[in-house]
Amino acid sequence: MRRLMTLLLGMVLAGLAARAGVAAEPVAGGAARPTIQQLFDQAQAAAVRGDVAAAVAGYEAIERRLGEKARPATLALVRGRRGVLLNDLRRSEEAEPLLRYALANMAGDDPSLASDRIDVAMALGILDERTFDYVAALRSYRLAEAAATRPESKRAIWAAQARVTMFDDPAAALALVDKALAVPAGGDAKAAAQMDALYRNLKGRVLLNARQFAAARVELEAAVKALGGLTLQLDLADVSARSDAAIAALLAGNQEAARRYMAYTGAGTQRDVLPPPIDGDNAPLCDADAGLLPDTVGVVELSIRDDGSVGGAAPIYASRNGPAALAFARAVSGWTWKPEEAAKIKPFFRSAMRIEIRCSLATDRPSVTDLLKPAVAAWQATHPSPTLLENRVALPVGEWMALTRQAQAAALAEKAPAQVVAYLSIREASLLAFGTTGRAAWRRQVPVLAAAAARAPIAQDPQARAAVLLVQADVLMALRDYRVAQPVLEAAVAGPGLDPHDPLMVGALLRLATTKAQLGDLAAARAAYRQSGLTAQQCALVDAVPALTASNASSNDFPQEALRWGFEGWTKTEFDVTAGGRTANVRTLYAYPPFVFSPASVAIQSGARYTQSYRPEGGLGCGGSQQRLRFGLPYK
């Protein structure tokens with residue numbers, strides 16, 4: 001098919017050159033200017049030898065020579081070919097308009113353009129898959145099917161259609177895969193067997209999402225065997241089949257087989273295991289109307305670039321049909337790792353990592369600094385300075401401190417709003433304790449925050465001053481210094497100019513109620529809570545985040561099966577904290593590797609204890625708290 005497309009495109013361009021009277025045109029110095037046909041031959045040669053960038057440049061040169069006055073059908077051929085190559089390079093923004101132009105200007109009733117239409121439609125489908133628009137992807141794949149006549153072409157197209165329908169309609173996806181499997185694979189016996197194994201792998205994944213776990217296990221174990229079995233040599237096809245077989249075995253109730261298959265993928269067992277992400281590691285919010293329920297669990301496969309960002313994410317499994325699978329993949333696509341930590345993982349393993357994930361029940365409660373960010377964003381829009389709102393660049397703490405202090409000096413010199421200065425002061429204090437443990441490290445923040453609250457321009461702005469005082473109180477409460485925290489919170493509440501309904505005022509009163517209760521003054525605690533205006537069942541927008549006081553974790557919590565197979569990994573749990581500091585409703589939000597450490601993390605977090613908060617009648621101190629846990633082997 002690709003050869004036919006090449007020949008057709010070559011003939012079209014050669015004919016165009018002949019009609020235009022273009023042979024070899026002389027240029028300065030007597031050298032002949034290449035003809036359009038020669039440019040095409042060079043671009044095609046570059047594509048054949050794998051130099052995609054050179055091929056793209058070649059087709060771009062051809063388009064410049066043709067000019068905008070060229071026939072749309074001719075431009076469609078050139079742009080379509082360039083768009084396909086750009087899509088292979090993942091330069092989607094450049095590829096998309098070229099591909100859409102090509103598809104719109106290729107006559108659907110011209111059989112000589114069938115190969116071109118298939119290539120362009122398939123490229124558009126892949127592009128839509130990458131952006132999680134599976135409806136558009138299916139539409140593109142159906143256009144490809146309409147242009148296809150050869151069985152082997154239809155086989156690949158049916159597989160693509162199954163891939164984007166399995167989460168919404170697994171029965172339809174299963175019928176498509178069965179049609180594809182009914183088409184004999186071409187090539188020699190070994191190549192045909194490997195191709196059939198890939199299609200059986202896809203069928204097994206479809207069966208997983210149809211919740212036919214026993215049948216899925218049969219298909220996936222057959223795929224693993226056809227690809228060479230459980231050996232120490234593996235490629236991405238092996239990783240995919242073994243990972244899927246592990247999920248099928250686990251869901252079918254055979255944990256031993258699941259751990260064996262997972263161990264042979266290398267997930268969680270490499271010398272340098274994938275660390276937790278440093279930023280953006282959010283899960284989608286639970287939404288019953290969107291099919292995202294608390295018990296819905298998914299598995300997402302992702303690749304990680306050298307700079308620590310996610311190169312691509314795709315759903316593998318979701319326990320409930322509907323939009324949950326794509327919501328999980330979309331959330332993971334925004335995660336970030338430190339570049340130096342990502343670089344420790346071999347590129348092969350980074351190209352196919354898998355994450356277990358669930359939706360979050362956390363309410364949208366902004367932190368104290370979140371309330372200052374609009375003022376910071378407005379300031380940065382007109383005053384260039386180091387990036388302040390996002391910490392996506394993995395710089396050493398010392399460099400972040402230097403940038404923060406540089407921005408602070410500039411903000412003060414240029415008379416920035418007090419909320420901008422407050423934000424920078426809070427960041428400076430937090431960096432003093434970043435990545436450290438122990439009371440002394442945390443206590444270093446207190447004098448920095450106290451000085452900032454008393455200094456202009458923060459002292460003259462009610463919200464800026466209250467924000468700094470609340471962060472100072474949070475540090476003291478985490479250190480359980482309630483007696484020292486009390487006057488700080490009283491100063492925040494008594495400060496002039498702060499609206500009684502301001503989230504910062506409500507947050508200060510809640511903290512003050514907790515502090516009073518801890519010091520034994522329950523009457524004052526009830527009064528402060530009543531002044532906040534909240535009922536016993538309500539949570540404040542700016543409530544204090546409970547601080548861990550005891551984890552009760554030990555080496556005995558490390559799962560024995562994970563120890564035996566040499567797994568390491570991490571999880572993030574989500575839970576509520578009662579007013580008495582105990583955890584409730586603990587659930588795993590995400591985990592790596594999938595399904596290995598989730599039960600252990602729930603058990604550990606169920607025994608954890610947190611700082612107490614005052615609530616009338618002992619109600620919950622606001623739910624949706626989250627905590628990361630790392631599981632490492634002691635002998636590494």
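Is K373 buried, partly exposed or exposed? K373 counts as partly exposed, at 27% relative accessibility; buried means under 20% relative accessible area, exposed over 50%, and partly exposed in between, with a 1.4 Å probe and protein chains only. The model is predicted: local features need pLDDT of at least 70, side-chain atom pairs count only at pLDDT 80 or more, and totals for chains, interfaces and linings use all residues. Residues are numbered from 1 along each chain as its sequence is written, and side-chain values use heavy atoms, with hydrogens and water left out.

**Salt bridges**

D370 is partly exposed, with a relative accessible area of 30%. The structure holds 25 salt bridges.

Next, select D128 and R100, whose closest N and O atoms are 3.4 Å apart in a salt bridge. This pair links distant parts of the chain, 28 residues apart: D128 belongs to helix α6 (residues 114–130) and R100 to helix α5 (residues 92–105). Helices (H or I, at least four residues) and strands (E, at least two) are DSSP runs, numbered from the N terminus. D128 is buried at 5% relative accessibility, whereas R100 is partly exposed at 37%.

Move to R320 and D295, which form a salt bridge of 3.2 Å, N to O. R320 lies in the loop between β4 (310–318) and α14 (324–332), and D295 in the loop between α13 (255–263) and β3 (297–304), so the bridge ties together parts 25 residues apart in sequence. R320 is partly exposed at 27% relative accessibility, while D295 is exposed at 54%.

Then select D178, R200, K203 and E219 together; salt bridges link these residues in a network.

**Aromatic rings**

How many aromatic pairs does a search of the whole structure find? The search finds six. Select W335 and W337: their ring centres are 6.2 Å apart and their planes stand at 50 degrees, so the pair is tilted. Rings of Phe, Tyr and Trp (its six-membered ring) pair if their centres lie within 6.5 Å; planes under 30 degrees apart count as stacked, over 60 as edge-to-face and the rest as tilted. W335 is buried, with a relative accessible area of 1%, and W337 is buried at 0%.

Note on methods:
Salt bridge = Lys/Arg side-chain N within 4 Å of Asp/Glu carboxyl O.
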